[in-house]
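I opened this model to look up its aromatic pairs and some of its strand pairing. My entries follow.

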Amino acid sequence: MKIKINEKVFCFPPYISTTWDHIRSLQVETDPISRTDLLVVTLADNVKVKIPHLDQKILQAIFAAHLKFIENGAEEKIVSQGSQSTGIPFKLGIGNLENLGAALQHNPEQKDMPDMPADMLEKITSIAKIVGPEEAMNMPKPEYGCNCLHCQIAKAIHNTLPQDEIASNEEDEVTEEDLRFKVWDIMQNGEKLYTVTNPLDAQEQYNVYLGDPVGCTCGDKNCEHIHAVLKS
């Protein structure tokens, strides 16, 4: 029997011959005795097959074939089986992660929905790890206390992100409103009287009065200059 590795089959005699959908994961370990790399193939039933003495070219070919299997949506059969009970309206595959948010919407009526199959969530998080944290970060966040389809998937994906990256993203987040009220220089000229100046154009200047009645020399009673003073 010859070695055969493609996006459907992984045949490496005398160690293993199967299709990729029967394989859970691949990883490389170092043999503590020989100090050489071992390819560890974890099957769907968690049985581990170890293949020694593989050069880098063969290792790369094996991992590339596994990735190709995922990209071609070979997990569609799993999703199709699960959809009969969960009503999942999408197919898994590389490049589809950014579309999950658009395909699924938060549904409060499904807040008590049963948990999705664990193997299906594992497939989703595996794809999230492959496409990277930036794409996963763009996935809408789950709503607190909701177990609808959207929230289950969003929760699983966001749980794959490093906590320090999540914290950094939250700390750096600046709203449009924050930016809007930082474009004016504000100086108090008297009791309840302020001068608001555009820092990029000193000729653009307004006087704001916060007494009774509140007003601005621009003539608008609800202008951004008044709001800027109130926010200062």
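Predicted model: local features only at pLDDT ≥ 70, side-chain atom pairs only at ≥ 80, totals over all residues.

Entry, strands 5 and 6. I looked up the hairpin of strand 5 and strand 6 and found 4 residues between the strands, with N46 at a positive phi near 75°. The two strands run antiparallel and are joined by 5 bridges. I located L39 opposite I51 of strand 6.

Entry, strands 4 and 5. Strand 4 (residues 23-30) also pairs with strand 5 in the antiparallel sense, over 7 bridges. Here I found E29 opposite L38. This hairpin has 6 residues between its strands, and R35 in the turn shows a positive phi of about 60°. I then checked how covered strand 5 (residues 37-43) is: 6 of its 7 residues are buried.

Entry, aromatic pairs. How many aromatic pairs does the structure hold? I got 3. F12 is buried at 8% relative accessible area, whereas Y15 is partly exposed at 38%.

I next looked at W184 and Y206, which form an edge-to-face pair with 6.0 Å between centres and 80° between planes. W184 lies in the loop between helix 8 (176-180) and strand 7 (185-190), and Y206 lies in strand 9 (residues 201-209), so the pair links distant parts of the chain, 22 residues apart. I noted W184 as buried, since its relative accessibility is 10% and the cut-off is under 20%.

Definitions and conventions: Residues numbered from 1 in each chain as written. Heavy atoms only, no water. Phe/Tyr/Trp six-rings, centres within 6.5 Å; stacked < 30°, edge-to-face > 60°. Buried < 20%, exposed > 50% of the residue type's maximum accessible area, 1.4 Å probe, protein only. Pairing = 2+ DSSP bridges.
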